[in-house]
There are 2 protein chains.
Amino acid sequence: MVFWKRLFNAPETMTTAESPSLQGEILETSKEALRESRIFFSLDRELDLYALEELCDAVGWARRPLRKVKKAIECSFLVVSLWEVRGNRKRMIGFARATSDHAFNATIWDVVIHPSFQSKGLGKALIKYTIKKLRNEDISNITLFADPQVIDFYRRLGFVLDPEGIKGMFWYPS
Amino acid sequence: MVFWKRLFNAPETMTTAESPSLQGEILETSKEALRESRIFFSLDRELDLYALEELCDAVGWARRPLRKVKKAIECSFLVVSLWEVRGNRKRMIGFARATSDHAFNATIWDVVIHPSFQSKGLGKALIKYTIKKLRNEDISNITLFADPQVIDFYRRLGFVLDPEGIKGMFWYPS
């Protein structure tokens, strides 16, 4: 059985020898000897863009020019990726990023968990981790735009829909 | 009578001698000799923070620490201020800013027009100018969170409420 660390009660555990390019917290460690698997958060923005593209392909998102994706990642305030490491194999299984003014507001974009890893609480852990990192930077207003099918997911994480009648709006050429 | 230049049909007019610290377009020029008045857009983020605070006070916004306001302005993607210049006197009469990933998304925050200058089309001009600048930077997804009383204002400018059921959500500690 998989053992889930209590992420937010535990001190931050940095990865060290096994995967030096990863930063962040060990989320899960399988104790099974033959197929040991770890799941890590990383805040590294020197991402393998092809791994990200593969992840986005897996959930059916429209492809975006890698040049622009690279710029968006560089210019986001926070970039969180979630990785499964199994032996020598490293696989991006989740992603989220946030834009911000580095002072008051942040907006979370591009939240994705690989279909094979959904319904395991990883999306919840990813958003909680993102919130924690934003709060650590003293950001008080954390916002996002939620598709209809994930509104309840975000509600359970403490997000409020249209507070005080404030509405999300998108501009299109008129 | 005041003469309103057609901002978006006219080529960009840069300010020169009278107010070298201002950049942007001349929005309005009163031809009345005795109280000549010009209204300028500025993209300069070296703002007088006290002028901004005065403007925000005038619309009754809660005060925010200037240190954080300074950081938010530095770290915004776009900062637009609107100034009235009358003789030697320069006054900030409008403001808006946008966070962005510099590639796909922008979110507009802190839109304000001084009460004495409201209902003159300046808010509309400010948002149109902001949109134009974001579009010039190839940002395709322009978003904002609108208070109930300004939803129709933004709708008239081409903003769509909750497109395809996408909802604005705000996080609060649970």
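Biologist: Is Asp138(A) buried, exposed or partly exposed, and why does it count as such?

Modeller: In this predicted model, Asp138(A) counts as partly exposed because its relative accessibility is 44%, a value that lies between the 20% under which a residue is called buried and the 50% over which it is called exposed. As for its setting, Asp138(A) sits in the loop of chain A that runs between α3 (122-136) and β7 (141-146), and its backbone has a positive phi of about 70°, although the residue is not a glycine.

Glu164(B) is exposed, since its relative accessible area is 73%.

Another aspartate of chain A, Asp110(A), belongs to strand β6 (residues 105-113), and with a relative accessibility of 16% it counts as buried, because the limit for that term is under 20%. The side chain of Asp110(A) makes polar contacts with two arginine side chains, that of Arg64(A) at 2.8 Å and that of Arg97(A) at 2.9 Å. When neighbours within four places in sequence are left aside, the residues in contact with Asp110(A) are these two arginines together with Trp61(A), Phe95(A) and Ala96(A).

Note on methods:
Residues numbered from 1 in each chain as written. Chains lettered and ligands numbered in written order. Predicted model: local features only at pLDDT ≥ 70, side-chain atom pairs only at ≥ 80, totals over all residues. Heavy atoms only, no water. Helix = DSSP H or I, 4+ residues; strand = E, 2+ residues; numbered from the N terminus. Buried < 20%, exposed > 50% of the residue type's maximum accessible area, 1.4 Å probe, protein only. Polar contact = N/O pair within 3.5 Å; in protein donor to acceptor, adjacent residues only side chain to side chain. Contact = heavy atoms within 4.5 Å.
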